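Hi everyone, thanks for making time.

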Amino acid sequence: MRHRQLGKSDLSVSVVGIGGLHFGNLCDQQQTCRIIHKAQDFGVNFIDTAPMYGNTLSESFIGVAIRGRRDSFVIASKVGLTPAANASGQFGVATVSLNEAVIRKSVDSSLAALNIDRLDLLQLHAFDNSVPIHDTLSALEKLIREGKIRWVGCSNYDHEQLQAVGRAVHERDFSFMVSLQSHYNVLERRLERDLLPLCKDYELGI
């Protein structure tokens, strides 16, 4: 399995990663372990999860699966979305404030669930218009200094939101912003038109 540097970071990630959305939902603990261990056999080292994934169980299931193997994996989690019923009563999501208190609480909870002492990558799961982006990035900078996270990325950001992040990074030299996670497949190709040029300008991995 080939590995590539993620943006400007020192993270070397496999070109194929493991998404943790269904660990704790469609996959029980035994299945989660089997998937992660088999992926490791093939050279996969990148695991992406979030506190809300797997009915909030994904992180703890992954924590069990990587026990004794932590240094073999690059672990990414998120902050910014929480489960919430939609108008029809079915599963939906709601944004949470990206202020320092919320981010710190989320990171501490993720570390406890994963049973690790740092996140390799923390991704902002959704853009928050209620908190100045400089305040959010300053809070993340503190967590990096404390050793709780290593690098930062964003997820689901559109062109305008990514530009706002890019301006803030440039103004304050928040050099820890290294990646964008975006919906992209053979049919959904807006990333190529709207976001890829910005990612090149900002040296963000995708």
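Let's begin with Arg118, which is partly exposed because its relative accessibility is 23%. Keep in mind as we go that this is a predicted model.

Which partners does Arg118 pair with? One is Asp117, with the closest N and O atoms 3.7 Å apart. Another is Asp120, where the closest N and O atoms are 3.6 Å apart.

Asp117 has 59% relative accessibility, so it counts as exposed. Asp120, on the other hand, has a relative accessible area of 1%, so it is buried. Since the cut-off for buried is under 20%, Arg118 at 23% stays in the partly exposed class.

Here is the general idea behind these pairs: side chains of opposite charge can pair when their charged atoms come close.

Please also find Asp194 and Arg193, which form a salt bridge with their closest N and O atoms 3.1 Å apart. Are these two buried or exposed? Arg193 is exposed, at a relative accessible area of 56%, while Asp194 is partly exposed at 28%.

Some of the bridges share partners, and these link Asp10, Arg70, Asp117, Arg118, Asp120 and Arg150 into one network. Over the model, the count of salt bridges comes to 13.

On to the empty space. Rolling a probe the size of a water molecule over the atoms shows where empty space is left.

The largest pocket has a volume of about 430 Å³. It is lined by 21 residues, and the closest to its centre are Leu6, Phe46, Leu180, Gln181 and Ile206. Which elements give two or more residues to that lining? They are strand 1 (3–5), strand 2 (12–14), strand 4 (46–48), strand 8 (119–124) and strand 10 (177–181). Strand 10 gives the most, with three residues.

The elements giving two or more residues here are helix 2 (58–65), strand 5 (74–79), strand 6 (81–85) and helix 3 (100–114). Helix 3 supplies the largest share, six residues. By class, the lining of the second largest pocket has nine nonpolar, eight polar and three charged residues.

While you have helix 2 in view, look for Gly63, which is found there. Gly63 has a relative accessible area of 6%, so it is buried. How far apart are Gly63 and Leu111? From C-alpha to C-alpha they are 9.1 Å apart in space, and in sequence they are 48 residues apart.

My last stop is the surface. Met1, Val15 and Val16 form a nonpolar patch there, with about 250 Å² of accessible area together. Met1 itself lies in the segment before strand 1, and with 45% relative accessibility it counts as partly exposed.

So, to bring back two points: Arg118 pairs with both Asp117 and Asp120, and strand 10 is the top contributor to the lining of the largest pocket.

Note on methods:
Residues numbered from 1 in each chain as written. Predicted model: local features only at pLDDT ≥ 70, side-chain atom pairs only at ≥ 80, totals over all residues. Heavy atoms only, no water. 1 Å grid on protein atoms, 1.4 Å probe; cavity = no way out; pocket = protein on both sides within 12 Å on 5 of 7 lines; lining within 4 Å. Points joined across faces, edges and corners; volume = space filled by probe spheres on them. Helix = DSSP H or I, 4+ residues; strand = E, 2+ residues; numbered from the N terminus. Nonpolar A, V, L, I, M, F, W, Y, C, P; charged D, E, K, R; others polar. Patch = residues over 30% accessible without salt bridge, like charges linked within 9 Å, V, L, I, M, F, W, Y side chains within 5 Å. Areas by Shrake-Rupley, 256 points an atom, 1.4 Å probe, with all protein chains shown as cover. Salt bridge = Lys/Arg side-chain N within 4 Å of Asp/Glu carboxyl O. Buried < 20%, exposed > 50% of the residue type's maximum accessible area, 1.4 Å probe, protein only.
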